[in-house]
Amino acid sequence: MNKQLWMDAAKAKGFSEFEIYEQRNTSTSISIYEQKVDSYSISDCDGVALRGIYQGKMGSYFLEEVEDSQMDDILNQMIQNTKIITSDDEVKILAPAKEYPVINRQETTLLETDNSLKIQKLKEIEDCLQHMDSRISQVMATSYGEAKGIRSIVNTKGMNLCDEDSNAYIIVEVLAKDGEDAKSGYDWMYLKDLQELDVKSFASKLCNKVVSKLHADAIESGNYPVVMERDAMTSLLEALCGLFDGENAYKGISILKNQLNHQIFDEKISIHDNPLMENGMNSVAFDDEGVACFSKDVVKDGILKTYLHNTKSADLMNTTSTGNGFKNGYGGIVGISPTNFYIENGQTSYDDMIKSMERGIIVTGITGLHAGLNPVSTEFSLQSEGFYVEKGHIVKPINLFTIAGNFMDVMKHIKYVGNDLKMGMSGIGTPSILFEKIAISGK
């Protein structure tokens, strides 16, 4: 595709501004079961989004394969598209920022590593788990995935941006059985190089995680201090990211409307959105509108400092974009998404939080977020699993209990924030948090 040729042709047809957004993604996934390759797939997807302003209206067109010979027909179709639009909303194509940040990324060598070596490593993990503990009855899935993405934006206002990133991960799920009792669990790890993977250490951690769930008991209903372990807390925060969406706040969909510079959480809570994080899952120099990205405090010492904005929501609220305008695929509209979004570490270790409880609960997993969480009111009622604690010691695993409350309320009553932050697979992360009290429904 000769992009300059397309922009020149668009100008000649009467487009006042024109932009070409291109996204190319390649990925490989491999799964092992019982020492054999269970699945193996490679995908390569290239997509182009064209948009242009014609007589004050924005026309757009999306396609996977682009030939310069299609140019005349497609530009004519975009003009026809603008004639259907009846909205008077202002449309714009942006000029480039004065400067863009540089992202520090460790090179991912795995994309150049022979796939036979990755398969061998997966087999080693499976074999290690199968022989680590007699209660591991089945390694249900041992998978590897890698992806590389290239993104570019070129327009008639002088924008000419391009970036690329790659990542790789393993994810393993196992089943533990002891008598009639069975429990499953999984763990995962991001990789930049195969040498980073300590097979025995990874397998041991997963084995202990799953075996510790066996022979879980019920718990009496009541209000308990609750340590929300970091993976469970991350799931909850991820489901509620829309609270900080600027457009949601403007429309009143977010409970945080009109709460800028107000105390919304306990002062121990600070939340950051950092697109410049070194080796971050979602580290980017610019968003899908070409706005330069920057690190920002979303919540500082419990006070809401900013919403996340694209240019549309920023205009609605008479402010500037925070560089959070992203598409869900090349053909999607520009929405609002966090980048590397996380609750800042506190000073207390996970073990010390447990030791501080006379009688309490550790929540290690929650389910039913789609049905049991209201993202507007933040009321939740979620089936959970975890451990019962007495006098600072874990007494037994527990399951079949429900935690219930209001997220905005419990986030105002925090005893400790842990120092064990881990970023999740979506680029959202939290440390473990000890809440003063959460309602538990058990037996």
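**Ground rules**

I number residues from 1 along each chain as its sequence is written, and my side-chain values use heavy atoms, with hydrogens and water left out. Because the model is predicted, local features need pLDDT of at least 70 and side-chain atom pairs count only at pLDDT 80 or more, while totals for chains, interfaces and linings use all residues.

**Entry 1: the sheet**

I began with the strands. My helices (H or I, at least four residues) and strands (E, at least two) are DSSP runs, numbered from the N terminus. I found 6 strands in an open sheet, in the order β3-β2-β1-β4-β5-β6, with antiparallel pairing. Two strands pair here if DSSP finds at least two bridges between them. β3 and β6 are the edge strands, each with a single partner, so one side of each has no neighbour in the sheet. On average, neighbouring strands are turned by 15° against each other, direction ignored. For angles, axes are lines fitted to C-alpha atoms, for helices over the stretch in contact, and the angles run from 0 to 180 degrees between N-to-C directions.

I then looked at one pair. β5 (residues 160-178) and β6 are joined in the antiparallel sense over 11 bridges. I171 has W188 in β6 as its bridge partner.

**Entry 2: helices on the sheet**

Which strands does helix α1 lie across? I see α1 (residues 3-12) across β1, β2 and β4 (136-155), running at about 140° to β1. Helix α2 (residues 71-84) also packs on the sheet and touches β1, β2 and β3. The direction of α2 makes about 135° with that of β3. Contact means heavy atoms within 4.5 Å.

**Entry 3: two positive phi values**

Most residues other than glycine have a negative phi, so I noted the exceptions on my list. Q35, in the loop between β1 and β2, has a positive phi of about 65° although it is not a glycine. Q55 sits in the loop between β2 and β3, and its phi is near 50°, again positive in a residue other than glycine.

Are these two buried or exposed? Q35 is partly exposed, with a relative accessible area of 32%. Q55 counts as exposed, at 67% relative accessibility. My cut-offs are under 20% relative accessible area for buried, over 50% for exposed, and partly exposed in between (1.4 Å probe, protein chains only).

**Entry 4: I255**

I255 is in the loop between α6 (246-251) and β8 (271-273). I255 counts as partly exposed because its relative accessibility is 39%. Leaving out residues up to four places away in sequence, I255 touches L243, V376, S377, T378 and M408. I also checked I255 against M7, 248 residues apart along the chain: their C-alpha atoms are separated by 43 Å.

**Entry 5: pockets**

On a 1 Å grid over the protein atoms alone, a pocket is an open set of points with protein on both sides within 12 Å along at least five of seven lines, and a cavity is a set where a 1.4 Å probe fits but cannot get out; lining residues have an atom within 4 Å of a point. Grid points are joined across faces, edges and corners, and a volume is the space filled by probe spheres set on the points.

The largest pocket holds about 1,300 Å³ of space. Of its 39 lining residues, K209, E229, D231, T364 and G365 are the closest to its centre. That lining divides into 11 nonpolar, 14 polar and 14 charged residues. I count Ala, Val, Leu, Ile, Met, Phe, Trp, Tyr, Cys and Pro as nonpolar, Asp, Glu, Lys and Arg as charged, and the others, Gly among them, as polar.

The second largest pocket has about 1,000 Å³. It is lined by 30 residues, and R51, M58, E90, V91 and K312 lie nearest its centre. β1 (17-33), β2 (36-54), β3 (57-63) and α7 (311-316) each give two or more residues to that lining.

**Entry 6: cavities**

How many cavities of 30 Å³ or more are there? I get 2. The largest has a volume of about 50 Å³, and its lining includes K183, T364, E385 and F387.
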